[in-house]
Amino acid sequence: GLKRIIEQNSSGKTPLDIAIWKGHMKCVKQFLLSSWLDTHIDIRELINADSLKDAINHNRLDILSFLINDTKQLAHIINLLIDVGGRYFNLLEYAIYLRKKDVIRLFVTVRIPVEQYTFRQQYKLFLRHYNQPFIQLGSSFFYQTPIQRMLTTPECISLVPLLLEQFVDNNGIDLSIIDDCLYIQPEKTRCIFGRGLNFSTRDWLKQHPLTLIAKANSKIIYDHQLVRTCVELKFHLFGNFLYFLILGFQSLYVALYTGITLGSPTPTKQGTNYYQMANYSCNALCTTLINDPIHPARDQSAIRVFRFILLIISCLGLLKEFYQMFTQREKYFHRFYINLIELHIYVSAIIYSVDINECTRQTGIRCSAQWMTGGIGLLSVWTSLLLVFMNGIKFGKYGLLFITVFTTFLKFIAVYIFIWIGYILAFYMLCKDIMEQFLPFNFIPKLLVMFIGEYDIDGTFFLDNNQLMPGAEGALILYSAYIFTMFIVMMNIMGGLAVADVKEFRLNAKREHLRSRIDVILGFQAYLGGFCETIGSITMKLSRNRKWRFLLSKTNMMLMKYQLEKLHITSDPVSIPYHISTSPFNMQVGHEQNPERSAVMSMNEGFEQVRPQTGYYVLYQTVRNTSLYHEDENMILSRKNDEIKDTLEESTTKTNNELRKIALDLQNELEDIKRKLTK
């Protein structure tokens with residue numbers, strides 16, 4: 001009997017496999033709830049990967065739920081691997097591969113008591129199983145964990161908070177699900193994210209879960225305490241120091257640029273100005289000012305030194321922008337407006353600082369074009385200071401609001417660009433002989449002034465006797481159309497868009513600020529990794545020093561929301577193949593609990609052992625968000641339907657058994673009566 005229960009047919013299926021394949025819940029329960037079978041047959045002989053693969057393929061949610069709710073069965077199935085084209089994935093990865101949302105929900109909502117610590121750790125390993133890429137078209141070619149696969153699968157993004165919640169318990173928060181390098185420099189020997197055939201810092205940055213979270217832009221993920229805790233701890237470890245350092249350098253650059261542009265000599269001391277000398281060449285302008293009989297231009301050695309410093313710094317900044325343009329590519333042009341401001345700053349500073357001839361070098365006098373370029377650059381250089389503020393300090397969210405509204409207006413202008421071109425050409429044709437403001441280069445500021453309602457129609461189209469200028473009828477009709485189209489229609493549309501942006505931003509300000517901070521902190525770690533590791537190590541040592549903590553408490557610096565002394569650094573080994581192999585057994589990649597076993601596998605099977613650095617933040621007041629586990633209406637109806645079906649089947653079985661007993665009793669009585677009558 002035992003042999004027949006686990007015996008396979010010609011298709012390689014056992015009786016339990018057939019029951020799961022057919023979806024016969026009653027048969028599955030008969031097998032798995034039998035105490036006799038539980039005593040005599042190992043669970044590994046009953047449940048195998050192929051049967052669970054069929055269950056996932058055919059959405060046998062009731063059977064999967066029944067299997068998962070039993071601790072012994074769950075401990076077995078989380079170790080099963082399913083063959084997919086020669087590559088092996090655990091059940092959660094296979095469900096993500098098939099985009100089975102309801103099945104994924106079952107696997108990430110298992111509740112394991114805190115007392116079962118060892119089993120809970122095994123379940124966590126199942127949830128963060130590090131494995132090879134999928135083979136389907138369009139999938140990433142990087143090794144990934146389930147959370148990375150879910151964040152890059154649109155159907156699974158809404159389930160990510162459920163996965164994150166499994167790493168939050170009553171004792172604290174486990175950061176290992178979304179981070180592999182808490183403050184250390186990303187390197188091949190210490191990081192797991194962004195690995196393919198090779199490892200690069202750019203791939204690490206692109207594949208980091210926090211980057212994928214920012215790209216997914218989901219409110220429910222941003223609001224999760226694990227994500228916020230990880231970002232804030234990174235800032236406390238090294239981000240705040242680097243941020244204030246960059247803010248200090250940027251402030252010094254702004255002060256240097258402003259001081260040089262406003263402090264450089266102008267023709268004012270000689271009783272003239274740049275506008276009156278607009279027709280002078282650069283050499284003639286400087287020669288005239290240096291030969292002025294009353295106030296000749298003098299040598300400005302101090303300004304010349306500061307101007308040279310500004311030129312060197314600006315050249316280095318411009319080289320940095322070109323380097324980022326070629327290395328970051330899509331990401332650089334995605335933030336085109338912000339990067340354009342930085343390019344304009346450095347180009348303006350270089351143009352303003354360059355000496356055209358010996359006269360300008362000695363006196364510091366700038367040519368007219370240099371003077372105008374430096375003045376316009378002042379706007380960009382102070383705007384850049386706002387952009388630095390908005391990435392770190394809390395009130396920087398208002399800077400993000402400005403960027404959001406400004407970007408919306410740029411999109412608006414781009415959509416209606418043909419209307420703008422039409423009005424520009426029409427006004428140029430009909431009005432260029434009436435007013436010089438409609439000549440090339442002049443009509444764009446004129447149209448912008450008209451856009452806010454300043455038209456001056458009397459002085460433009462009417463003579464001194466209030467008579468319409470002869471032949472101005474067409475221009476007047478064009479003016480009327482412009483007022484209706486631009487001032488009435490377009491202004492209302494733009495006002496509505498601005499109000500909608502502000503309202504949406506007020507609701508999402510914290511999330512937008514968090515996304516900006518994610519970009520900043522991971523950028524620090526990717527491009528200044530060594531510096532981050534040094535600062536992080538010093539910060540961790542100081543956080544363990546009692547005297548330092550006492551000093552912070554006296555200076556009210558202990559009021560920070562996250563205390564680093566509660567952070568425990570952890571490092572669990574991960575075994576990774578040296579090269580991607582066609583052998584399915586070499587492709588099974590996972591976390592190893594036993595370092596000795598991992599080391600043996602590393603030597604014997606071509607695996608290397610990586611110890612990613614992550615952390616556990618002890619917080620005894622941690623409250624799990626149980627509302628995430630609430631089932632949706634479809635799941636509740638499905639479960640109720642299954643319960644009703646089971647109840648009806650059970651009652652039907654009992655009724656049939658009772659009727660069968662009654663029928664047998666009647667048959668026996670009739671046979672007795674017949675026997676007596678025969679006698």
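Is aspartate 672 buried, partly exposed or exposed, and what is its relative accessibility? In this predicted model, aspartate 672 counts as partly exposed, because its relative accessibility is 34%, a value that lies between the limit of under 20% for buried residues and that of over 50% for exposed ones. Its partner in a salt bridge is arginine 675, and the closest N and O atoms of the two side chains are 2.8 Å apart. Arginine 675 is likewise partly exposed, with a relative accessible area of 44%. Both residues belong to helix H32, which spans residues 633-678, and they are separated by three residues, or about one turn of the helix.

In general, side chains of opposite charge can pair when their charged atoms come close. By the rule applied to this model, the count of salt bridges comes to 15. Among them is the pair formed by the side chains of glutamate 93 and arginine 149, with a distance of 3.9 Å from N to O.

Aspartate 355 lies in the loop between helix H21 (336-353) and helix H22 (358-363), while arginine 366 lies in the loop between H22 and helix H23 (368-389), so the pair ties together parts that are eleven residues apart in sequence. With a relative accessibility of 28%, aspartate 355 counts as partly exposed, whereas arginine 366, at 1%, counts as buried. Salt bridges also link Glu187, Arg190 and Glu533 in a network.

Contacts between helices are illustrated by helix H2 (residues 15-22) and helix H3 (residues 25-32), whose axes come within 8 Å and cross at roughly 150 degrees. The crossing of H2 and H3 is left-handed. On the H2 side, Pro15, Leu16, Ala19 and Ile20 take part in the contact, and they meet Cys27, Val28, Phe31 and Leu32 of H3. The residues of this contact comprise eight nonpolar ones, with no polar and no charged residues.

The model also contains an open sheet of three strands, arranged in the order E3-E8-E4 with antiparallel pairing. Strand E3 (172-174) and strand E4 (567-570) are the edge strands, each of which pairs on one side only. From one strand to the next, the twist averages 20 degrees. In general, the strands of a sheet pair through backbone hydrogen bonds, either parallel or antiparallel. For E4 and strand E8 (residues 614-618), the pairing is in the antiparallel sense and extends over four bridges, and threonine 570 has threonine 614 in E8 as its bridge partner. Helix H17 (residues 225-263) lies across E3, E4 and E8, and its direction is at about 85 degrees to E3.

Key: Residues numbered from 1 in each chain as written. Predicted model: local features only at pLDDT ≥ 70, side-chain atom pairs only at ≥ 80, totals over all residues. Heavy atoms only, no water. Axes fitted to C-alpha atoms, helices over the stretch in contact; angles between N-to-C directions. Helix = DSSP H or I, 4+ residues; strand = E, 2+ residues; numbered from the N terminus. Left-handed = near helix turned anticlockwise from the far one by under 90°. Contact = heavy atoms within 4.5 Å. Nonpolar A, V, L, I, M, F, W, Y, C, P; charged D, E, K, R; others polar. Salt bridge = Lys/Arg side-chain N within 4 Å of Asp/Glu carboxyl O. Buried < 20%, exposed > 50% of the residue type's maximum accessible area, 1.4 Å probe, protein only. Pairing = 2+ DSSP bridges.
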